[in-house]
Amino acid sequence: MIKFLDLYKINERFRDEIDLKIKDILNSGWYVLGKQNEIFTNHFAEFCGVKHCIGCANGFDALKLIIKGYGFSKGDEIIVPANTYIASILAVSENGCTPVLVEPDINTYNINPDLIEEKITENTKAIMVVHLYGQTVNMQKIRNIAEKYNLKIIEDSAQAHGAVYHGKKCGSLGDASGFSFYPGKNLGCLGDGGCVTTNDDELAEKIKTLANYGSDRKYHHIYKGVNSRLDEIQAGILDIKLKYLDNDNQRRRQIAQYYCKNINNPNIILPVEKQMPILDNLSHVWHIFALRTPNRDRLKKYLEQNGIEANIHYPTPPHKQKAYKEWNNMQFPVTEKIHNEILSIPISPVLVDAEIEKIVRSLNEYV
Ligand SMILES: *Cc1c(COP(=O)(O)O)cnc(C)c1O
C-alpha cells in the first residue's frame, strides 16, 4: 500500500539529529520558553523574511492570537474563504467576530479576490487569506483592497511553509501570519506546535505576552491572556527540520510536475498554478496535490483497490457543518462543487519514483 503520508519515513531521516537534540534538552533541565524556542523562532523569522516570530501551541492558537492581538471582537467582521479547513473560520468565531465567507476561484481553490469587495461593510476589520494546499493567494489584488478599505491582512500559512509570492515568502505577505507545525504539515514537529510571524513590533510584543498568560514579566499580568507556548523539544526538532524544508519542497514540486505532465485522463482535472504561468515556479509548495473528478468516491475506491491511499481535503465545507448550523442553508456553489469533486493523491518528499510512476499509471488506466 502506498500511504497517503508516511510520517515515520519523513522523520526517520532525521533520527540521529533528533536523538541528540532531545538528549541535549533533557540534560538542560529547562523545558518551556528557553534557548530552543529562541533559536528556532529567530531562524524561522529569518526564513520568512520578517522581524518577529512568536512560538505558540498550534496553528489554531496562532490565528486566534493574531485576532486577539489586534483587539478584534464582537461586532467586527473578518473576510474568510468559504473553501478552507474549518480552523481558519473557527479562529474568527472564537474571538466573537463574525466570519464573512467568500467563494474561491475554481482553478486555484483559493479565495476569489474579485468577490471580496462586495462583502465589505463598515464593520469589516480584516481579510484572512488561506494559502490552501500550499499555493499562495493572489496577494496583489488582496493588498489593493486592504489598502482601499484600511483592512488588516491575516495569512493562514498552515499549509504553505516556504511558498514564495513575487519573491517574498509566505508569512511575510500580509500584516501577520499564523503557521501550524502539526506533524503532517510541510514543516511539522512530533506533536503540536505553531507560530505567528509579523513585522509589526507592537503586535509581536502583545502576542508574546498574550500567549504567556498576559504576563509581561513574572507574576505581572497586563492582559487576560492564555497559555499557548511552543515546547522546547518541539522547537528543537523544528530547528533541525527547517534546514531541509526548501529541499523537501523542491522534491514535492518535482513530483507535482511529474503528475501534471504524465497524468492524462479525460475524467481527471489537474490542479493549476495561477500566480505565474510556468509549472516549476515557487508559488506552490504542494502540501496537498488535489485533483478533481466527477465521481470522486469511485476513484478513491479504485485507487485503494490498486494499493494507493487517497484522502479528501475536505469532504464537507465549513458552511455545511453542524457547528455552523446558522449557515447550513447558505449557498456557495463553487465551494460545494470543489468539496464534492476533490481528491488528494499522495505527495511527500519521501515518495520514491516507482511509487509516483505507479500512481500515474493507475490514474491513467482508470475508466
Ligand atoms: C492545519 C491547519 C490549521 C490548524 O493548525 P493546527 O496546528 O492543527 O491547530 C489551520 N488552518 C489550516 C488551513 C490548516 O491546514
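Colleague: In which helix is Glu 336 found, and with which residues is Glu 336 in contact once its neighbours within four places in sequence are left aside?
Modeller: This is a predicted model, in which local features need pLDDT of at least 70 and side-chain atom pairs count only at pLDDT 80 or more, while totals for chains, interfaces and linings use all residues. Residues are numbered from 1 along each chain as its sequence is written, and side-chain values use heavy atoms, with hydrogens and water left out. Glu 336 is found in helix H11, where helices (H or I, at least four residues) and strands (E, at least two) are DSSP runs, numbered from the N terminus. Taking contact as heavy atoms within 4.5 Å, and leaving aside neighbours within four places in sequence, the partners of Glu 336 are Pro 317, His 319, Lys 320, Met 330 and Gln 331.

Colleague: What distance separates the C-alpha atoms of Glu 336 and Asn 83?
Modeller: Along the chain, Glu 336 and Asn 83 are 253 residues apart. In the model, the separation of their C-alpha atoms is 8.3 Å.

Colleague: Against which elements do the buried residues of H11 pack?
Modeller: Buried means under 20% relative accessible area, with exposed over 50% and partly exposed in between (1.4 Å probe, protein chains only). In H11, which spans residues 333–341, the buried residues are Thr 335, Ile 338, His 339 and Glu 341. The elements that they pack against are strand E12 (289–292), helix H10 (296–305) and strand E13 (342–345).

Colleague: Which residues of H12 do Leu 299, Tyr 302 and Leu 303 meet?
Modeller: These three residues belong to H10. Their partners in H12 are Ser 362, Leu 363 and Glu 365.

Colleague: Which residue in E3 is the bridge partner of Pro 81?
Modeller: In strand E2 (residues 77–81), five of the five residues are buried, with Glu 77, Ile 79 and Pro 81 on one side and Ile 78 and Val 80 on the other. E2 runs parallel to strand E3 (residues 98–102), and five bridges join them. For Pro 81, the bridge partner in E3 is Val 102.

Notes:
Pairing = 2+ DSSP bridges.
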